[in-house]
Amino acid sequence: MGKMNLKGTKKKKIFKIRYVIYMGIIYISFAYSFYGFMKNNDNISNEEFINMLVRSGNANILEDYKVIDIVNKTMGFLLDIDFTDPSSIMNATIFKNDKEEEVEDVISVEYNDDYSNMEELKDVSDYISDPNPSEVNSPIVYIYNSHQLENYSSDNLDIYGITPNVLMASYLFREKLNSMGIESIVEEANMSDILSVNGWDYSYSYIASRTLIENKMKEYSSLKYFIDLHRDSISHDLSTVDINGSSYAKVLFVIGKDYDSWESNYGFANELNDLINKYYSGLSRGVLTKTGINVNGVYNQDLSSGVILIEVGGVDNSIEEVNNTINALADILYKYIKG
């Protein structure tokens, strides 16, 4: 009688082992198939992604874009198993066994901080068309990017063909400001095309953006604030801060001193910086002044006392962290304008 129970127990154990193996095979097959499908999927664009961020209002929305999370949710629906929780597999199989923790592969993309070669930069980052073209009659804020293709981290997004950059941040900034009643516009012109048509290298970026600023000044006499969004090249630990449990990309204000009225722009930047320190302590890296040989020293800030350059985060920041900061900047600008 004891032998019969032993045989039955052994068969049951073998069955459970096979069950776990089969589930593993199904999971791996589905994951790779899903990955291949998404990698070749052209249905998700940068523009759609920006609109999704704006509509959701969820700073943690990127978690839903991790391939492994999408696979796990699908498998959980089909088999009622969470592959990120080993206990769910044990409970499903009634099989107690040690299971190695699965390691998630991180999808990364190389970036290039040497902007002397525009072709290399274009391989990393792309121009993004306006995701939400709308008519604004009397804008007071003009957002532009002298270095339009400066990119952020593409971890978890590269599979979708999405490369976050400062132009994407500009669109997010505009949408947030407009939703708060601060009429704003973003420069839509493709800076790479302007440089190429004129035979200019990347060092002429501020000359190109100067022309765009002057055109917008003529078109909209209502403009008061001109914000040139950039991103820095510092490491993630230096470009990131935790505020109330959320991760933010730090900001740095840059003011040139090689023009007569620089103190007015410096004062504007310091007022914004003071507000950030008051409401978002730790978010700002301060106000940096630039002057001297081999430095631009102007940044088109001689055109108006309302022209400032803001570095938002660094190359390793995610668009989630940048989006948190954009919301904070919009809040600060709102407080500055509305008093």
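Biologist: In which helix is Tyr 266 found?

Modeller: In this predicted model, local features need pLDDT of at least 70 and side-chain atom pairs count only at pLDDT 80 or more, while totals for chains, interfaces and linings use all residues. Residues are numbered from 1 along each chain as its sequence is written, and side-chain values use heavy atoms, with hydrogens and water left out. Helices (H or I, at least four residues) and strands (E, at least two) are DSSP runs numbered from the N terminus, and the one that holds Tyr 266, spanning residues 262–279, is helix α10.

Biologist: Is Tyr 266 buried, partly exposed or exposed?

Modeller: Buried means under 20% relative accessible area and exposed over 50%, with partly exposed in between (1.4 Å probe, protein chains only). The relative accessibility of Tyr 266 is 30%, so this residue counts as partly exposed.

Biologist: Which strands stand at the edges of the six-stranded sheet?

Modeller: The sheet is open, its pairing is mixed, and its six strands follow the order β2-β1-β3-β8-β6-β7. Two strands pair if DSSP finds at least two bridges between them. Two strands have a single partner each, so one side of each is left without a neighbour in the sheet, and these edge strands are β2 (184–186) and β7 (284–290).

Biologist: In β7, which residue is the bridge partner of Val 251?

Modeller: Strand β6, made of residues 251–256, pairs with β7 in the parallel sense over five bridges. In β7, Val 251 has as its bridge partner Ser 284.

Biologist: What is the relative accessible area of Gln 301?

Modeller: Gln 301 is found in the loop between β7 and β8 (307–314). Not counting residues up to four places away in sequence, Gln 301 touches Val 254, Ile 255, Gly 256, Tyr 259, Asn 265, Val 307, Ile 308 and Leu 309. Gln 301 is classed as buried because its relative accessible area is 0%.

Biologist: Which residues does Ile 310 touch?

Modeller: Residues up to four places away in sequence are again not counted. With those set aside, Ile 310 touches Ile 227, Asp 228, Leu 229, His 230, Val 251, Leu 252, Phe 253 and Leu 329.

Key:
Contact means heavy atoms within 4.5 Å.
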